[in-house]
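Please open the structure in the viewer and keep the selection tool at hand.

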Amino acid sequence: MPARRANPQRVKLHRSYSVSELALCCGVHKNTIRHWQAKGLEPVDSSRPTLFRGATIRAFLAKAKASRKSPCPPGTLYCLRCREPRKPALGMVDFVPITESGGNLRAICGTCETVMHRRARRADLGRIMPGCTVQITQGQIRLKGRASPSPNCDKERQN
Ligand SMILES: [Zn+2]
């Protein structure tokens, strides 16, 4: 299930929230709040029902947002080792078609030489890889669902 984006601005700083109040306020499921708690959102104390301070929630959500993967700017792929979008070495990128219209970009990180991947639509190649030499790799159309995952930089595809 994809995580819904909570809006920290809706959480009032000087209020305390129970799990269900917070879920309602942020428009997420109660399980999401439990998940946040597991990820470090601290309750006011250990008594029941669990309460969270508005200020604590805001800080938690702001931090979560900051650590979320940033979308790759044009001309870059996300390098898992550098943990940042990086330019391909020598401006060279392979495009491995997976479907009629889309596939995976593959390049070597110009900084650490790790192989990087990025999902892309064939029609977008010029736009997302400006100034790069994109080589279309032929004959590699694989079975659906067997393509190597590229979890990063998928946000741009959603339009
Ligand atoms: Zn790298």
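Select Arg81: is this residue buried or exposed? Arg81 is exposed, because its relative accessible area is 60%, and exposed means over 50%. Please note that the model on display is a predicted one.

**First stop: around Arg81**

Arg81 belongs to the loop between β3 and β4. Show the residues that Arg81 touches, leaving out those up to four places away in sequence: they are Cys112 and Thr114. Next, select Val115 and draw a distance between C-alpha atoms. Arg81 and Val115 are 34 residues apart in sequence, and their C-alpha atoms are 9.3 Å apart in space.

**Second stop: the zinc ion**

Select the zinc ion and display the side chains around it. Which residues coordinate the zinc ion? The SG atoms of Cys79, Cys82, Cys109 and Cys112 do so, at 2.2 to 2.3 Å. The angles among the 4 donor atoms run from 102 to 114 degrees, and the site is tetrahedral. This assignment follows because four donors count as tetrahedral if all angles lie between 85 and 135 degrees. Along the chain, the donors follow the spacing C-x2-C-x26-C-x2-C. Colour Cys79 and Cys82 by accessibility: Cys79 is buried, and Cys82 is buried as well.

Select Arg83, which lies in the loop between β3 and β4 (84-86). The phi angle of Arg83 is near 60 degrees, a positive value in a residue other than glycine. Most residues other than glycine have a negative phi. Arg83 is exposed, because its relative accessible area of 65% is over the 50% limit.

Now select Glu113, in the loop between β6 and β7 (115-121). Glu113 is not a glycine, yet its phi is positive, at about 70 degrees. With a relative accessibility of 65%, Glu113 counts as exposed.

Move to Thr76, in the loop between α3 (54-67) and β3 (77-79). Is Thr76 buried or exposed? Thr76 counts as buried, because its relative accessibility is 7%, and buried means under 20%. Display the backbone of Pro73 as well: the backbone oxygen of Pro73 lies 2.6 Å from a polar atom of the Thr76 side chain. Then show the contacts of Thr76 beyond its neighbours within four places in sequence. These are Pro85, Arg86, Lys87, Arg118, Ile128 and Met129.

Select Ile98, placed in the loop between β5 (88-97) and β6 (102-109). Ile98 is buried, because its relative accessible area is 15%, and the limit for a buried residue is under 20%. Ile98 and Ala120 are 22 residues apart in sequence, with 9.9 Å between their C-alpha atoms.

Gln135 is exposed, with a relative accessible area of 52%. Apart from neighbours within four places in sequence, Gln135 is in contact with Val93, Asp94 and Phe95. The C-alpha atoms of Gln135 and Arg106 are separated by 9.7 Å, although the two residues are 29 apart along the chain.

Most peptide bonds are trans. Select Arg48 and Pro49 together, and inspect the bond that joins them. The peptide bond from Arg48 to Pro49 is cis, with omega near -5 degrees. Pro49 is in the loop between α2 (30-38) and β2 (51-53).

Select residues 16-41, which an unreviewed UniProt entry lists as "domain: HTH merR-type". Over this range the chain is 65% helix and 12% strand. The C-alpha atoms at the ends of the range are 13 Å apart.

**Last stop: the whole chain**

Finally, clear the selection and switch to a cartoon view. How many helices and strands does the protein chain have? There are 4 helices and 8 strands, and from the N terminus on they run β-α-α-β-α-β-β-β-β-β-α-β. Of the 159 residues in the chain, 34% are buried.

Terms used:
Residues numbered from 1 in each chain as written. Predicted model: local features only at pLDDT ≥ 70, side-chain atom pairs only at ≥ 80, totals over all residues. Heavy atoms only, no water. Donors = N, O, S within 2.8 Å, 3.2 Å for Na, K, Ca; no water. Tetrahedral: all angles 85-135°; square planar, octahedral: opposite > 155°, others 65-115°. Buried < 20%, exposed > 50% of the residue type's maximum accessible area, 1.4 Å probe, protein only. Helix = DSSP H or I, 4+ residues; strand = E, 2+ residues; numbered from the N terminus. UniProt positions renumbered as here; feature names shortened; annotations may be inferred. Polar contact = N/O pair within 3.5 Å; in protein donor to acceptor, adjacent residues only side chain to side chain. Contact = heavy atoms within 4.5 Å.
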